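Please work through the exercises below with the sequence and the model at hand.

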Amino acid sequence: MSHQNIKSPRFQNFYIIGVISAVLIFGSLVECRVPSSSKLNNFDYTAINCRKHSAILTDFGAVGDGKTLNTKAFNSAITKLSQYANDGGALLIVPPGKWLTGSFNLTSHFTLFLQKDAVILGSQDEADWPELPVLPSYGRGRDAPDGRFSSLIFGTHLTDVIITGNNGTIDGQGSYWWDKLKKEELKLTRPYLIEIMYSDQIQISNLTLINSPSWNVHPIYSSNIIVNGLTILAPVDSPNTDGINPDSCTNVRIEDNYIVSGDDCIAIKSGWDEYGIKFGKPSQKIIIRRLTCISPDSAMIALGSEMSGGIQDVRAEDLTAINTESAVRIKSAVGRGGFVKDIFVKGLNLNTMKYVFWMTGSYGQHPDDKFDPKALPEINGINFRDITAKNVTIAGQLEGISNDPYTGICISNVTIEMSNVEKVEKVPKKKLPWNCTDISGFTSNVVPQPCSLLPEKEKLECPYPSDKLAIESVKFKTCSFKS
């Protein structure tokens, strides 16, 4: 697929900072003024919290030519600004330019702001990506058994961290990593674009993310998270370029995002087999609204397959999928344990889909051979309503687990227009619209008629909660930067 052509403005004025002592520069930060060597226009932005102090990346020696490595500048800036965490926090502005960097770490009470035409470029030199240990709820890396590379933008044990902008761009330059994976040359798991761990109060918004080496946005072991206004783009054949993956997280709000991906647009996870069971931290209280997804080989929203810590109380509404393999998919397997329950989905507009409803009980990838075959997942209370779909190959492929059926499935007010399957590659001419095993539930006003394991129940409207999650009450503030 083609991508947006991210254009960087020409630098007509190149400011050379002379011999200015650090005392003077950082003294100006304390006074909440930007050094005069870097001139920016005033601007407003919305955030969960505003900042008292500010600085510009170029104040720390950064060069936005797309060639100079700026990892040291990012780290120096963030380290210096961290001293203001208890004094109103700090804002670091990334101005227009192409800012090549390796992985860098954020700090608490901090905002990273990418201006329009600012592009953060991920280095393609593995030496610029520190090694991290495997995630405790996974037990091994996803690409290789050992450790993993730190994400491009990383943070752990933080409070109140914001990554936002005026639609600035973060470009992971992922082709290097995709090629390494294809050639089986990776010794560590590929980096993600943004990963925040063990943190609280996170906002990621109003940015364009392109060409991630692997997953784009990965909050894990965290709470009170808002992800909104992102445009996420990757080639539809790129490996594992999931859009937004909340993982063992609580109180998450995902709104107004546009995602084109080589994998799931959103995947909710909570750990892998015996490691996820032992870690025991579910993903729960998650609301997803106004998502547009294009992913020909994956799901608009996936629940699992790494769900061993449990997934509960997920609400999704007003969603659009185009040329996507499936809508909301549940993936699990023997050995996973955990649960997926209290899932509520309404208001889907789907066009050109292989599956509308897809549940899998045999997604059998395991971290090792130590998983417990008696650890069976509990899948219960899965509710769908108010769905329109066109050009669909298979209405429902619902496969539970023998002796562990998926129960409490409710589907109401659904109209699916089937495609001419004779023209669909690799699909038998007489493929049934519904295929169901080891499941139970009810349906109402669903076309085409579902399988016998989902009998019709008149005047049934599948539930959708009327209460609000706590994260929905969080309001954005209007913040101002004044030069």
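The exercises that follow concern disulfides, aromatic rings and cavities in a predicted model.

**Exercise 1.** Determine which parts of the chain the disulfide of cysteine 50 and cysteine 479 ties together, and state its handedness.

*Solution.* 
Step 1. The sulfur atoms of cysteine 50 and cysteine 479 are 2.1 Å apart; a disulfide requires them to be within 2.5 Å.
Step 2. Cysteine 50 belongs to the loop between strand 1 (43–47) and strand 2 (53–56), and cysteine 479 to strand 31 (residues 477–481), so the bond ties together parts that are 429 residues apart in sequence.
Step 3. The torsion about the S-S bond is about -85 degrees, so this disulfide is left-handed.
Step 4. Cysteine 50 is partly exposed, at 32% relative accessibility, whereas cysteine 479 is buried, at 1%.

**Exercise 2.** Where do cysteine 410 and cysteine 462 lie, and are they buried or exposed?

*Solution.* 
Step 1. These two cysteines form a disulfide with their sulfur atoms 2.0 Å apart.
Step 2. The pair links distant parts of the chain, 52 residues apart: cysteine 410 is in strand 28 (residues 406–418), and cysteine 462 is in the loop between strand 30 (439–447) and strand 31.
Step 3. Buried means under 20% relative accessible area. Cysteine 410, at 8%, therefore counts as buried, and cysteine 462, at 0%, likewise counts as buried.

**Exercise 3.** Classify the aromatic pair of tyrosine 355 and tryptophan 358.

*Solution.* 
Step 1. The structure holds 16 aromatic pairs. In the pair of tyrosine 355 and tryptophan 358, the ring centres are 4.1 Å apart and the planes are at 20 degrees.
Step 2. Planes under 30 degrees apart count as stacked, so the pair of tyrosine 355 and tryptophan 358 is stacked.
Step 3. Tyrosine 355 is buried, with a relative accessible area of 8%, and tryptophan 358 is buried at 10%.

**Exercise 4.** Which residues line the second largest cavity, and to which classes do they belong?

*Solution.* 
Step 1. The lining of the second largest cavity consists of Ile301, Leu303, Val314, Ala316, Val328, Ile343 and Val345. Strand 23 (299–303), strand 24 (311–324) and strand 26 (339–360) each give two or more residues to this lining.
Step 2. By class, the lining of the second largest cavity has seven nonpolar, no polar and no charged residues.
Step 3. For the largest cavity, of about 80 Å³, the lining divides into five nonpolar, two polar and four charged residues.

Conventions. Residues are numbered from 1 along each chain as its sequence is written. This is a predicted model: local features need pLDDT of at least 70, side-chain atom pairs count only at pLDDT 80 or more; totals for chains, interfaces and linings use all residues. Side-chain values use heavy atoms; hydrogens and water are left out. Rings of Phe, Tyr and Trp (its six-membered ring) pair if their centres lie within 6.5 Å; planes under 30 degrees apart count as stacked, over 60 as edge-to-face and the rest as tilted. Buried means under 20% relative accessible area, exposed over 50%, partly exposed in between (1.4 Å probe, protein chains only). On a 1 Å grid over the protein atoms alone, a cavity is a set of points where a 1.4 Å probe fits but cannot get out, and a pocket is an open set with protein on both sides within 12 Å along at least five of seven lines; lining residues have an atom within 4 Å of a point. Grid points are joined across faces, edges and corners, and a volume is the space filled by probe spheres set on the points. Ala, Val, Leu, Ile, Met, Phe, Trp, Tyr, Cys and Pro count as nonpolar, Asp, Glu, Lys and Arg as charged, and the others, Gly among them, as polar. Helices (H or I, at least four residues) and strands (E, at least two) are DSSP runs, numbered from the N terminus.
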